[in-house]
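The entries follow in the order I made them.

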Amino acid sequence: MSLDDTQPLISHLIELRKRILNSLITVLVVFLALVYFSNDIYRLIAAPLMDQLPKGANMIATDVASPFFTPIKLTIMVSIIASAPMILYQVWAFIAPALYKHERRLVAPLLFSSSFLFYLGMTFAYFVVFPFVFGFFTKTVPAGVLIATDISNYLSFVMALFMAFGVSFEIPIAIILLCWSGIVTVESLKRKRPYILVGAFVVGMLLTPPDVFSQTLLAVPMYLLFELGILLSQFYVKKRGPAHAEDESDHDVGDNSEK
């Protein structure tokens, strides 16, 4: 490999290091701004369960260090999630120079709307799903059993649900990317609607308590997001063809002029 060949690689590595450092600094700044309120943040996250507990019941800490480390751990997670738009911007700034003009116009909205959908999924879980989930659990406790949830186990449980709903709400982005890349077609997805509907209720059954209402709370939004993904995919597939041909034509003209 010649020196001229290594120069682009080195410049890419330097740029990548810059983007990673910017992302880490953003997370660190957000964490330092929030760490003082770590106990308040945990109290906010614990509110859906605390509102459902019987009068006089409280959460407990079974480990000596849990009261300190669990809120700190939550604050780190919140800092990463809150920094997602800046992290995605750094990803965009790194990959954008390698994309065609039409690809930049199409990928940029997907990249940043994914943050919105992830936040929307977490918000839906907190305000809609959690009250029903914890209400179901607290009402099915056997007689004589006192509910005393460990704060560390509770954090693991709610973060798993947050991630599940956040990722589930990325369905439109996933469908658009699959159709745009040619892995699947819009027509084939339309033909599979009945299977997708059944699959949404199966996923709802796995991620929620065994009652029909809670399952529907997840299954219906998932299916609606699937339909939204199909609708937006038609727009992206139509836009991709002419724009791609235009960029290829410009690229060819540029090559011929160099010759």
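Entry 1: I began with arginine 193, which counts as partly exposed at 28% relative accessibility. I note here that the model is predicted. I then looked for the salt-bridge partner of arginine 193 and found glutamate 227, with the closest N and O atoms 2.9 Å apart. This pair links distant parts of the chain: arginine 193 sits in helix 9 (residues 193-207) and glutamate 227 in helix 10, 34 residues apart. Glutamate 227 is also partly exposed, since its relative accessible area is 22% and the buried class ends under 20%.

**Entry 2: the other salt bridges.** How many salt bridges does the structure hold? I read 3. Side chains of opposite charge can pair when their charged atoms come close.

I took arginine 19 next; it bridges to glutamate 15, with 2.8 Å between the closest N and O atoms. Both residues belong to helix 1 (residues 3-34), and because they are 4 residues apart there, about one helical turn separates them. Is arginine 19 buried or exposed? I logged arginine 19 as buried, because its relative accessible area is 15% and the limit for buried is under 20%.

I then read the pair of arginine 43 and aspartate 40, whose side chains meet in a salt bridge at 2.6 Å, N to O. They are 3 residues apart in helix 2, so about one helical turn lies between them. Arginine 43 is exposed, with a relative accessible area of 52%, and aspartate 40 is partly exposed, at 41%.

**Entry 3: the largest core.** I looked up the nonpolar packing. In soluble globular proteins, nonpolar side chains tend to be buried together. The largest nonpolar core here has 43 residues, and Tyr42, Phe130, Tyr154, Phe162 and Phe165 have the most contacts inside it. Elements giving two or more residues to this core include helix 2 (38-50), helix 3, helix 6 (151-168) and helix 10 (212-258). Which element gives the largest share of this core? I noted helix 5, with 9 residues.

Leaving aside neighbours within four places in sequence, phenylalanine 162 is in contact with Ile45, Met122, Ala125, Tyr126 and Phe130. I also recorded a second, separate core of 13 residues, which includes Leu88, Ala96, Val107 and Ile176.

**Entry 4: leucine 74.** I placed leucine 74 in helix 3 (residues 66-82). Leucine 74 counts as buried because its relative accessibility is 0%. Not counting residues up to four places away in sequence, leucine 74 touches Ile41, Tyr42, Ile45, Leu155 and Met159. I checked one of these contacts by distance: leucine 74 and leucine 155 are 81 residues apart in sequence, yet their C-alpha atoms are 7.5 Å apart in space.

**Entry 5: serine 115.** Serine 115 lies in helix 5 (residues 101-139).

How values were computed
Residues numbered from 1 in each chain as written. Predicted model: local features only at pLDDT ≥ 70, side-chain atom pairs only at ≥ 80, totals over all residues. Heavy atoms only, no water. Buried < 20%, exposed > 50% of the residue type's maximum accessible area, 1.4 Å probe, protein only. Contact = heavy atoms within 4.5 Å. Core = buried A, V, L, I, M, F, W, Y, C linked by side-chain atoms within 4.5 Å. Salt bridge = Lys/Arg side-chain N within 4 Å of Asp/Glu carboxyl O.
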